[in-house]
Amino acid sequence: MTDGSGGETGVASEPRTWGRWFGRPGRSLTRRLIWLASAWIVLALVLTGWALTNQYQESSLRRLGDVLANTIDQVVLATNAGADGRLTVGEVKDDRTLSPLQGKYWAVAEPGPDGRLRILVRSPSLAGESLTIPDELPARLAAARGAIISYNDPDGLRPGGEGPLGVPLRVAASMKQLPGRAEPVVFLAGIDRSNIDRDTQQFATFTWTALLILGLGLVIAVFLQVQIGLRPLYALRNEIADVRMGRASRIARSYPLEIQPLAEQVNRLLDHNQETVERQRTHVGNLAHALKTPLSVMLAEAGQQKGPLPDIVRRQTEVMKAQVDHHLRRARAAARAQMLGEITPIEPVLDEMAVMLERVFEEKGVVIDWRSPENLAFRGERQDLQELLGNLLENACKWARRRVRVSAGSTGLGQMIVVVEDDGPGLPEDQREAALQRGSRMDETTPGSGLGLSIVVELTRAYGGRVSLSDSELGGLKAVLELPALEA
Amino acid sequence: MRVLLVEDDADLSRQLKGALSDAGYAVDHAADGEEAHFLGDTEPYDVIVLDLGLPKIDGVSVLERWRREGKTTPVLILTARGAWSDKVSGFDAGADDYLTKPFHTEELLARLRALLRRSAGIASSTLSCGGLRLDPRAARASVNGEPLRLTSLEYRLLHYLMMHQGRVISRTELVEHLYDQDFDRDSNTIEVFVGRLRKKIGPDRIETVRGLGYRLTPLPGESDDT
C-alpha cells in the first residue's frame, strides 16, 4: 500500500521508474542495504585499482631508473676531460649501447650559451640521432647538480615517429662537475620503455578486469545476502497474513534473534485480542444468566394465574426475553468481529450435535444422517459453528417425522455449503422470509423458542455467509448455509 | 415418582416445586451443588432436574461426579446460557436432555415425562464382543467401560455387526439393515459409517474382507466374556 502511493507522493519531477529504483531508498530496506553496500564496494575497488596500477608503474619506472643511473655512472667513469677541456669517452661496456638502435642509449652534453644543451658525444647505438631534451631541463639540472632527473620521452629518437626510431624512451639526465673542466657536463642515458609500457598496460587491464568481476560478484553477493537476510521478514509477513486470513491462529515459526521479539509481540497482541473477546463473552454470558432466571420466574408465575395482568406480564416477558437474546447476540457478534485465525473442523461438531440431538429427540426416533469431508474446516470459532449447526439441526429435528439429512461440502473457493433437510411438513414459500426474521415464531405450538433461525441468519451474516430456505426432496424444509471454509 | 430439583433461585424453586407436586411427583430440593450431589448420591430418584449455574459446585461437575460414580438416573439440565457449547458440555458430562431458561413450566413437565418413559426398562441383556458392550433396549454402547457416543445410524450398524459377530457381512446386507425401505442407498455409505465407527471403537475391531464385506471380531488377547 505504501509502495503504491509512494511513487505518487515522491519527488514529482522524477520519472516513475527512476523514483522507484533510485529515489528515496529509505522506503525499501532491500534497496537501502544494496545501494549502501554497492556504493562502498565501487569506491573501495576504484581506489584499490588506482593504487595497484600506480604502484606497479612506479616500481617499473624505478627499476628503469636504476638501470639508467648505472649507465650514467659507467659513462661518467669512462669520460675524461682533456687539458684543453675537450671530452673523450672511453669504452662503455654495455653491448646494447654499441650497435645502432639496440634500445639503450647515452649522450654527453654541455649547456650552451643560449641555455640549450649541446650534445658533444653520443653512444654508437644512437646512430647519429639525438635524445629529446625538454626546454626546461637545463634549468632543472642546474638547480639540482649531481641529482638524476628522469622523464619520459614520448616521441622517441629524433626524427621520431617512424620505424624503430619511434619507440618511447625513459631518459635520465644528470649534471656533473668533472675534474679538470670548469664547465659542468650533462650526462644523459635513455632506454626503450615500450616493454614496460606494455606490461603496465597489461597489468592495468588485468587488474581492472579482475576488480570489475570482483565488484560484480560482491554486488550479487550483497543482493543475495540481503534477500536471504530479509527472508525471515517476508516469512513473518506471510504468517501474519495467514493469521488474518484465518489459516493460522498464531505465529508458530521461530525467527532469528532480531525478529523473534517482533513475532512474540504479535503473538502477545493476538493473545490480548483473544482475552478481550473472551472477557466480553464472559460478561455477556453473566448478564444472560442474571436476567434469564428472573424472566423464568415471571413467566412461570404469570402462567399460573388467569386474568389480564398475567397475560400482559407473560407477553412482555416474552418481548424482554427476545430483546435480551437479540442484544446479547449483537454483543457477541461485535466481539467476534475482532477474532482472528480460528479454524474449526466441521466433522467433530456435526458428530457431537447429531449424537446429542438424536438423544434429545429419542422418543420421536429421529435419525440424523450426516456427511462431511474429513478435511473440511470452518473458518471461525467452534462456539459459533455449534450455534449455527445446533440451531439448524434442532429446528430440523423438531419438524422432522423421522429423518434429518445433513451434507457439508467445499465449493473450492474458500467457501463451504451445509445443507440441512428434514422430512417434515416444510414451510410455504411466503412464510420463509418471515421465518428468517428476528423474533418471529413459526409455530407457537411447537415447544421452544422460534429464535433459532434468526440467530443463524445473524451469525452467518457476521461471517459474510448466507442462509436460504427451499423445499427438500425429503418433503420438508431445506436450509442451505454458505460459510467461509478451509480445505486442508 | 421421585424427582430431585436442583435450583438456587428461591422463587423459581418454589414455582417448580409447586408445579412438580401438582403433576404428582415427590419433590426434593437442593439449593447448591454440594447438597445436590449428596442427595443424588444417597436417594434413589427417578429423574433429576439440574440447574447448571449453582453455588459451591457447578452443575456440570455435579453431573460428572454422579456419572463417574455409576449413577444412571436420567438428568435434565436447566441452563440460562443458551449457547450450544454449554449444551454440548452438559451432554458430554452425561445429561439426557436440556431446557433453556426462560421456559414454560408445561414444557419442563413434558420433557420429564419423556425422560421417564425412555428410562423405563433399562438394564436388560447386553451384547458383547471383547471390550465392546451394547444394550439394545437402552440403545447404549460402551467400549472398555467408556460410554460410546454414537449417532443412531452408527448404533444400528454396530448392533447388526454385534448380532452377527465373527461372520462376514456384505455391504448390501448392511445397507439394507441400516436404512428403512424408503431411504436412499448410496454405494459408499457403508464405508463412511464403518470409518466413523472405527474412529470411535478403535480401528482394528472391524475387519475389511476384500470383495466380501466386513467382520466384527474381538481384539486379539481380549477374552469374550459374554
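I call a residue buried if 20 or more other C-beta atoms lie within 10 Å of its own, exposed if 12 or fewer, and partly exposed in between, with C-beta atoms placed from the backbone. The model is predicted, and I kept to its limits: local features need pLDDT of at least 70, side-chain atom pairs count only at pLDDT 80 or more, and totals for chains, interfaces and linings use all residues. Residues are numbered from 1 along each chain as its sequence is written, while chains are lettered from A and ligands numbered from 1 in the order in which they are written.

**Entry: A:A263.** I placed A:A263 in helix α6 (residues 260-304) of chain A, and it counts as buried with 21 C-beta neighbours inside 10 Å. Leaving out residues up to four places away in sequence, I noted that A:A263 touches A:L236, A:I251 and A:Y255 (contact: C-beta atoms, placed from the backbone, within 7 Å).

**Entry: chain B and its helix pair.** I counted 8 helices and 11 strands in chain B, and 38% of its 226 residues count as buried. I then turned to α6(B) and helix α8 (residues 189-201) of chain B, which pack at about 85 degrees with axes 10 Å apart, the axes being lines fitted to C-alpha atoms over the stretch in contact and angles running from 0 to 180 degrees between N-to-C directions. The two helices are therefore roughly perpendicular (65 to 115 degrees; under 35 is roughly parallel, over 145 roughly antiparallel, the rest oblique). In this pair B:L153, B:E154, B:L157 and B:L158 of α6(B) meet B:F193, B:R196 and B:L197 of α8(B).

**Entry: the contact between chains.** I noted that the contact takes 29 residues from chain B and 31 residues from chain A. On the side of chain B that touches chain A, α1 (10-22), α4 (84-93), α5 (105-119) and α6 (152-163) each supply at least two residues, and α5(B) gives the largest share, 5 residues.

How values were computed: Contact = placed C-beta atoms within 7 Å. Helix = DSSP H or I, 4+ residues; strand = E, 2+ residues; numbered from the N terminus.
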